[in-house]
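The sequence and structure come first.

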Amino acid sequence: MSFWQMITKAFVDIINTSGFMKLSIGQAIMLAIACVLMYLAIGKKFEPLLLLPIAFGMLLANLPLGGLSSHEKGGLVYYLYQGVKLGIYPPLIFLGVGAMTDFGPLIARPSSLFLGAAAQFGIYFAFTVALLLGFGPKEAASIGIIGGADGPTAIFLTTKLAPHLLGAIAIAAYSYMALIPLIQPPIMKLLTTKEERMVKMEQLREVSKVEKIVFPILVTILVSLLLPSVAPLIGMLMLGNLFRECGVVERLSDTAQNALINIITIFLGLSVGATASAENFLRPETIKITILGLLAFIFSTFGGVVFGKIMYKVTGGKVNPLIGSAGVSAVPMAARVSQVVGQKENPANFLLMHAMGPNVAGVIGSAVAAGVLLTLFK
């Protein structure tokens, strides 16, 4: 065999054994979807901290022969995925969220809890519609929780009830969380009058340090006794908050809200994205989940704003109904949306701190909703 024949044969062998020859149409479609999601994360800055690792995980999972799907045993991503499968990452994410969250606005105005609860309406609406479309109760519960606008809670519940839907549900949940600034404002304006949107709320009272320290301890005890199934989420959320508020473990608080949550976010996003291989993702169920997830977000916003209108009437116009939309969780983006929409009507209006009350109440509310669904269907 001549030198050129050897070179040609080696080149042909490389081509024949490469991933290019094994790439299916489904995998090519998934690579395109992954690139669109990366564009949204980088170009549009839609939840980039989570959307970017999820999208890149999706890309890795659909490269033929790479062995980087979360379901392919022995690879790096497979072992990272065990943290999702065993329910370890979502509570650790909650630890960091708790360390970053100020529950002061909720303590100052406890009625915000009702707004946080009302904004979980979309969970139950989507759950009902999913049942009507033929999903089983466990699958319907996992789809419905998308309406809580809380990615870790959605992942936590889905791994317990319907792990085969994890990729589609996680991607839908984080994608819609990223699109909150686009989804919520039209609904908020449709449901409220100009007079309601212009309401200036009274300044919140100052919350003492003792109240802020007692709150996470009390919530942990009450919620964990009532719904033991969500004790990992609530417990870690409140532990992180106690780190923040007690003032004696600053190093732990700093680690929880920076290094730890960043590391877990990388592991969680990458391994969840890598569950979305073409054979698992490109199914009619994925389209249904995507539509149901959007409905869940819309009706959760609807529930929060409508209850805000009720509070507006009951208080004689002292509550701006726009803060109700922040009850969908997604801290602090949903609260910022309330601020932006309110300030467009009245530039002197500052709703951010008022919206943070229902916003952080939504985090607790979505975890409680997940606990109810787990108790009913596990």
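## Helices and axes

Axes are lines fitted to C-alpha atoms, for helices over the stretch in contact, and angles run from 0 to 180 degrees between N-to-C directions. Helices (H or I, at least four residues) are DSSP runs, numbered from the N terminus.

The model is predicted: local features need pLDDT of at least 70, side-chain atom pairs count only at pLDDT 80 or more, and totals for chains, interfaces and linings use all residues. Residues are numbered from 1 along each chain as its sequence is written, and side-chain values use heavy atoms, with hydrogens and water left out.

## Helix 14 and helix 15

The axes of helix 14 and helix 15 cross at roughly 170 degrees and come within 9 Å. The two helices are therefore roughly antiparallel (angles over 145 degrees; under 35 counts as roughly parallel, 65 to 115 as roughly perpendicular and the rest as oblique).

Their contact (heavy atoms within 4.5 Å) includes Lys-209, Phe-215 and Val-223 of helix 14, and Ile-234, Met-238 and Glu-245 of helix 15. By class, this contact has eleven nonpolar, four polar and three charged residues. Here Ala, Val, Leu, Ile, Met, Phe, Trp, Tyr, Cys and Pro count as nonpolar, Asp, Glu, Lys and Arg as charged, and the others, Gly among them, as polar.

## Helix 15 and helix 20

Helix 15 also packs against helix 20, at an angle of about 160 degrees and with the axes 9 Å apart. This pair is therefore roughly antiparallel. Ile-234, Leu-237 and Met-238 of helix 15 meet Val-363, Ile-364 and Ala-367 of helix 20. The contact of helix 15 with helix 20 has six nonpolar residues, no polar and no charged.

## Helix 5 and helix 15

Helix 5 (residues 89-100) packs on helix 15 (residues 231-246) at about 30 degrees, their axes being 6 Å apart. That makes the two helices roughly parallel. Among the residues in contact are Pro-90, Phe-94 and Met-100 of helix 5, with Leu-233, Gly-240 and Arg-244 of helix 15. The residues of this contact divide into 13 nonpolar, three polar and one charged.

## The largest pocket

On a 1 Å grid over the protein atoms alone, a pocket is an open set of points where a 1.4 Å probe fits, with protein on both sides within 12 Å along at least five of seven lines; lining residues have an atom within 4 Å of a point. Grid points are joined across faces, edges and corners, and a volume is the space filled by probe spheres set on the points.

The largest pocket has a volume of about 820 Å³. It has 34 lining residues, and the closest to its centre are Glu-47, Val-97, Met-100, Ile-261 and Val-331. Helix 16 gives the largest share of the lining, seven residues. The lining has 23 nonpolar, seven polar and four charged residues.

## The second largest pocket

The second largest pocket holds about 360 Å³ of space. Of its 19 lining residues, Leu-113, Val-223, Ile-364, Gly-365 and Val-368 are the closest to its centre. Helix 6, helix 7, helix 14 and helix 20 each supply at least two residues of this lining. The lining divides into 16 nonpolar residues, three polar and no charged.
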